[in-house]
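Let's take a walk through a protein together. Have a look at the structure below, and then we'll start with its charges.

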Amino acid sequence: MLDKIYITRKLPEEIVEPLREKFEVQMWHSEEKGMTYEEIKTNAKDAHALWTMLSDNIDRALIESLPNLKVISNFAVGFNNIDIEAAKEHGIVVTNTPGVLTETTADLTFALLLATARRITEVEQEIRSGNWTSWSPMKYTGMDIFGATLGIVGMGRIGEAVARRAKGFDMNVLYHNRSRKLDAEETYGFTYAELDELLKQSDFVILLTPLTPETKGLIGERELNLMKESAAIINVARGGIVDEQALYDALVSKKIWAAGMDVFEQEPVPIDHPLLTLPNVTMSPHIGSASIRTRLAMMQMNAKDIEAVLESREPQNRIV
C-alpha cells in the first residue's frame, strides 16, 4: 500500500507529479477556494502526509482525527496555523519553507514602505476617479524615505534583508529583537533599541516579528501613541500583532500619519473593515512571498520534505 498525501489547495501539476510516482496523492480541486475545516477532516482522514496552506487551521482536534498522519508540511515560513505541541505529542513532523522567501518578502516590504510614504495607491485612485485636475504646490505630498529613521521590529532574516535595502536609501536603521544582532550592527551600522524608544524615534516602523502569545497585540493604543504624528507603520508580519481598532483610531485622529498593511487579523479582510475606508492606508493581500520563482521554490521545499519523511529520511526544514 502506498502512503497517502493530501494537498489542501490545487498546486501546479509540475510540482505534484513527481510525488504521484511514489505515493497516492489527492489534491483539493481549487486554487482560489480554500477547504473548510470539516472538508480537511473528511478528505484527509487516511492521509500519511498533509500539505497545508497558511489559511488552514490545523488544531489539536484535527490532528487527533488523522490517525495515520506522519508529516504536516506548511506552505509558509510561519506556522501559527498549526498546533505544534499537539503534533509533537503525536510524533508528527512539521515542516515549513524558511530562507527561500527572504529576499522576495523584503522586496515587497520595501515596496509597501515606498507606496505608503508617497501615497501611491491613494493618488492612483485620484487619477482613475478624475480628481486630478490641476497641479498644486502641496497636493499629494508624501514623506521622504531617504535619510529617514527606520525602526524594524523583528530582526530575523527578512528584517536584515529590509535593513540592507534601507541603507541604500541612506536611512538610519533601528531594530528591536529578542536577541541582539551584533554582527549586523558591526557590519551595517544597525542600532539596537528598546521597543518604546524605537517607536518614539522612527519615521517608519516595520513589523516583521512572528505571531506568538508574546507578540499578539504587541502594537496597541499605548504603542501607537508613542509614535510621531508624521510616522507610518508597516505590517508585513501577521495581522494579530497590531490592534486594528487602535490603529484605525490612531489614523483617524491623526496620531500617526499612515499605515501599510500586507496582513490582517481576518484574511481575506472583510470588505466592510474600517481600515479599508481610510485613504492613508496602503494595502496588499498577504503577498510577501508572491513572486513566481519564490512560490515554486517553496512548493519544491514542501514536496521534498514530505517525500523525505515518508521515506524515513530527515526533512531539511523540520520545525518539530
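The protein chain carries 34 positive and 47 negative side chains, and the centres of the two sets sit 2 Å apart. Here Lys and Arg count as positive and Asp and Glu as negative, with His and the chain ends not counted; each charge is placed at NZ of Lys, CZ of Arg, CG of Asp or CD of Glu. Keep in mind that this is a predicted model: local features need pLDDT of at least 70, side-chain atom pairs count only at pLDDT 80 or more, and totals for chains, interfaces and linings use all residues. Residues are numbered from 1 along each chain as its sequence is written, and side-chain values use heavy atoms, leaving out hydrogens and water.

Now for the fold. The chain has twelve helices and twelve strands (DSSP runs numbered from the N terminus: helices are H or I with at least four residues, strands are E with at least two). Buried residues, meaning those under 20% relative accessible area with a 1.4 Å probe, protein chains only, make up 48% of the 320 residues.

Let's zoom in on strand β6 (149–153). Five of its five residues are buried: Thr149, Gly151 and Val153 on one side, Leu150 and Ile152 on the other. In a regular strand, side chains alternate between the two faces of the sheet. β6 pairs with β7 in the parallel sense over five bridges (strands pair if DSSP finds at least two bridges between them), and Gly151 stands opposite Leu174 in β7.

What covers the buried residues of helix α7? The cover includes α5, β6, β7 and β9, and among those buried residues are Ile158 and Val162.

Note on methods. Buried means under 20% relative accessible area, exposed over 50%, partly exposed in between (1.4 Å probe, protein chains only). Contact means heavy atoms within 4.5 Å.
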